[in-house]
Amino acid sequence: MNCELLATCTALGYLEGDTYHKEADCLESVKDLIRYLRHEDDTRDVRQQLGAGQIVQNDLLPIIIQHGQDKALFDACIRLMVNLTQPAMLCFGKVPDDPVFRHHFLQVTSHLQACKEAFASEAVFGILSETLYTLLQLDWEQRQEEDNLLIERILLLVRNVLHVPADPCEEKKVDDDASIHDRLLWAIHMSGFDDLIKFLASAQSEQQWSMHVLEIISLMFRDQTPEALVSAGQARTAEEKHRDTQELEALREKELAAKRSRTLQRGTRHSRFGGSYVVQGLKSIGDKDVIYHRNVHNFKNYTHDMGKAVRRVPKRNRQARECKDKRRSALNVRLFLREFCVDFLENCYNRLMYLVKESLIREQTQQHDETYYLWALSFFMAFNRGNGFRADLVSETMSIRAFHYIERNITNYYEMMLTDRKEATSWSRRMHLALKAYQELLLTVNEMDRSQDESIRQSCSVIKSNIFYLMEYREIFLTLLRKYDETRQPQSYLKDLVESTHLFLRMLERYCKGRNSLMVQKKRVRRKKSRGQKKLSAAETSPESLAETWKVVEEELKASGFQLSESLTESIVPFDATSDTPLEEQRTDAMVRVQDALLIRLGPEALGLLRAAREVWPEGDVFGSADVEPEEELELLKQILYANLPRSPPPEPAAEDDDDDDALELEEEELQSVQVFEKEFNFLDFIKRFSNPSVVRPYLLLLKSYSKNTPHTNHCIARMLHRLAVDLKMDAQLFQLSVFNLFNKILSDPAAAAYKELVTFAKFVLNRFFSLAAQNNKAYVELLFWKNVGAVREMTEGYGKDGEGKKPTWTEEEEEELRNLYEEHRHSEAPDIVETLLPLLSDSTRTRRQVVMQLVHMGLVDNAKELKKQKKGTRIVLWTEEQEEELQMLHEEYKDSDDVLGNIMKKLTAKRSRARVVDKLLSMGLVSERRELYKKRSRSTKGTSSGKAMTEEEFLEGLTQGLTDDPDDRDEEDDESEEMEEDEEQERETSQNGGRSSRSLHSTVERRPDVGTLVYALQQEGMSEPLLWLQKCLNRTANDREEDGFSQDVPLVPLTEANEEAMDNKSFLRLLRKLGIRAPANEQETFWRISAKISVSQLQSAAAALSPREEEPKGSEEQDGSTSPTGESQETEEVSGEQRAQVLRTLLLKRKRKHHSSEHTAPVSDFTPAEDTDRTYERSQETILTKRSRVLDDDEENEDESTTAMDMETSVDADSDREDISAPVKRRRKMVLIDEEDDED
């Protein structure tokens, strides 16, 4: 031992007899030892030295027993012992692979086992129980933080001591003898510590210790089984006596058989020379017969492997090790544990399991703590079943949530077992624990079903209906059997799995027998391939076949009276709204689907699809008119059946070398969706899914250990094999050599009388095989292979014809034709020569794969990869200069359309994907962001722009809005700010929908009379410098775009203080908006930007509009060169306040006099009062129209609407005014209807 450690341990004190004398600095020495442990190395040297010095047995335990009244010293000793008794697995992380560290690991474990023996004392647990009891007596308010820490440390210390494994070399105890663990449990019981554990599990105020309590309980019952505890102290039942009698009879039969065998081997007279024999017909290594040099009585055991070295099985292929066997503890320990279980179930189980489950769900526990929950569920529910079943004692874990939780854990453990291969054994054990819990849930449900209480049986029926309905619970055992791996999962796991499957099938069979029909949930993964549809064969499209098909379909439709079921009508969808395929192509696909349904003689489906397609595409009466008669529908279906519809070519792999690559590409292109539906359950169909070699093999693997299995396990195996061989008539699936070898062992076993069920079944299978072998001379060869359903059918019903399944042959004429066609087209510019050759071949049934393979076989091409089918849109990567110019021209042509990208895609010569076209547009700078290429949708606005009549309220609102543009009659500052916010919102909305049209600047700059007004007003405010800066920016941008030839957004960056102040001025920002300069679109943009959509001429025009002005502009004629030649428009701009008030009074009077109250809207022209013929009113009306046109011009960002508003402004008399207004209204209404039809399509 280290000298410092030795000095510290000596300073603790010394033991004299049974009295321990502590030193004065004992407390400081304990703290020093804690400090040493904190700084130990990876070999845990300090821990090993303290263990070798037996510091726990000779110092720490006597200190807490004799000096427990010293609270500080007691706390320090408990803290040190918690550290020293820490499991070796936690100290090293795992069982080390390195031999040196493995030695240290075993040393630490041996020291822990010595400590455990010292803890098996009533005195130790007596002082721990007294201390814990005193602390628990304190109320929650009176407890200090140190008290809670001491409670936790005592629980951890007991947990660590119970966790220490037994030493099999030292403890060679038989059943019913007291081991160290039993003595420890008895000390816990005698000290009353078990009562404190039950109190902690049941007290509501102590729920924070629930996980510690569950760990201690699970370690207390580590070596126990529920069945052994239930039968403790009770007389053996008749069933147990009968089972023991059978075991003794089997052992006696084996002993007598061995005795008879030894008697036969012993000769009548002694001979030192055993003799040598020649075995005729059995060849040795050479051509001669085998010479046998042993006693002739042992010849039946002769094999060629005798004398050979046994081949070592690789570690990765060895069978998984079994967990250690359970042992039966001493009777007094079992009795006390039995009483503990009874009290725990009655008072603690439901509450403790609820708290632990909540902690697990909320992830408030440590990793893998759910294993304690799974163990407690299986153990205590099994004890409850054996000890007079009471459903109320385990109600917390008897629910669908418990089934779901365990099923999810089983799935997770299996996935981790595959991914974490180094810890596969640990994951396998956890998976076994979850399976045991699931099995116990099923056993409890089965016990509830036999209860005398009606309410319990009803609850059981609800649980069974749920677990039988859901697909996950139904098929979990089928999945686990298929995935069984004997190298990772032990045979005990397979035993529990087979027994659980037997129980589940028996419950399901009984549940189905009591009902006429059972509806269950089914999930189906639908794979939608993006490739073309299957090419129809020539036989299907022959006139005779079509006539026969039509006759069948016609009779079926007439018999049904052309009526379709509701479920069929709802399930048919003629088009895919999420697909990128245009509607026109989907219409053709719908026609092809109707034809496919007719070809496979599904008349109702074809009629339903025809009617659904008629509702989607009513135009042109392609699928019939809306009021079509049934006879006309029948004639239309006949035309579709006989029509030669265009179909896309089928996908054909290029060659066998590319099969894997093509399969991966197909998997990437498939879109999988899980479809959930209900169907009627058939128990026999469910059993058919077990008829698979991957399911049968685990059963036969477990059957190999039939002599070690329990009678119940052998019964479960025989019952499943009986279901397959008798119920499903799949006995040929068991015709396998290893199975027959196993049957031979069973039949020749001396104790075969104990396995009557297996013997009867083996004889039945063998009789069936020899009956089949008399008819099928290949049956003996079939013994070498495992067989699926198809192979079983061929073996029993006859094999297919010799010609079936062979590749089609090519005649000499066909080869010559293929060679000539290939030589003729090999130098052509066709992108795919195979697609060119296929329609030219005389045999139209040839597929692409057959042609490619024949070309390789004939030597015309070196490799099938040379003819690999070009994937659409994947080979074209680089852009040539001509293609870039074409893309730029198409963008200039369609950049103002509603669907820019769609139009470009249609016109591109070299077809590419949408993503690559968008990337190229962005890289060329033709667009600044992707949303500019989004398809625009028509926006309906108020008033005449939407094609609807305008109400008087809207008219008055527009009138007042129009008056705000007058600088003499401006509103207050708040109103102006609100208007600017609305303009900004409209600007963002417009930019998100694709931006403005490229010609909108003419309407916003040249045709808006308030631009000049704003410029003049800003000049008067002293903003000539910012206006000059803005003008320079516009001119510079125009020059750059004219030189470079492409456009992009240009930010306006104010560098001077005057320009920054101008960017905060509301009037200046309003001017920017009038000029078409875009505000920041989102929070990632800071500056205003000159849009890329504004052309060079528009920029120059906008810059010209910012020129300094000496006087304020009077009207729109100074801004717009296309105004009316008459001067009346200038005259209408100046309207006095009296005229404005007269217009308002007249309109209000007219509202009161209206007689037709049903309509609330009317055309704008109707608002002109017919009774008023005054010249002043006529001029007022023209002014109103002028102001309304300005409002429309501000709100709308469309050239047509702006032009319409200007036309309204230039009108003079009332008649022409009505015509100018009504005509655009009708025209817009028609445009809106067209846009709505496009949106619906």
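Helix α5 is mostly covered, with 10 of its 14 residues buried (under 20% relative accessible area, with exposed over 50% and partly exposed in between, using a 1.4 Å probe and protein chains only). Helices here are DSSP runs of H or I with at least four residues, strands are E runs of at least two, and both are numbered from the N terminus.

The model is predicted, so local features need pLDDT of at least 70 and side-chain atom pairs count only at pLDDT 80 or more, while totals for chains, interfaces and linings use all residues. Residues are numbered from 1 along each chain as its sequence is written, and side-chain values use heavy atoms, leaving out hydrogens and water.

Back to α5: the buried residues include L73, F74, L80 and M81. Across the whole protein, buried residues make up 43% of the 1241 residues, and there are 55 helices and 8 strands.

| Helix | Residues | Contact residues (heavy atoms within 4.5 Å) |
|---|---|---|
| α17 | residues 370-386 | E370, T371, Y373, L374, L377 |
| α18 | residues 400-419 | Y405, I406, N409, Y413 |

By class, this contact of α17 with α18 has 6 nonpolar, 2 polar and 1 charged residues (Ala, Val, Leu, Ile, Met, Phe, Trp, Tyr, Cys and Pro count as nonpolar, Asp, Glu, Lys and Arg as charged, and the others, Gly among them, as polar). The two helices pack at an angle of about 130 degrees, with their axes 12 Å apart.

Notes: Axes are lines fitted to C-alpha atoms, for helices over the stretch in contact, and angles run from 0 to 180 degrees between N-to-C directions.
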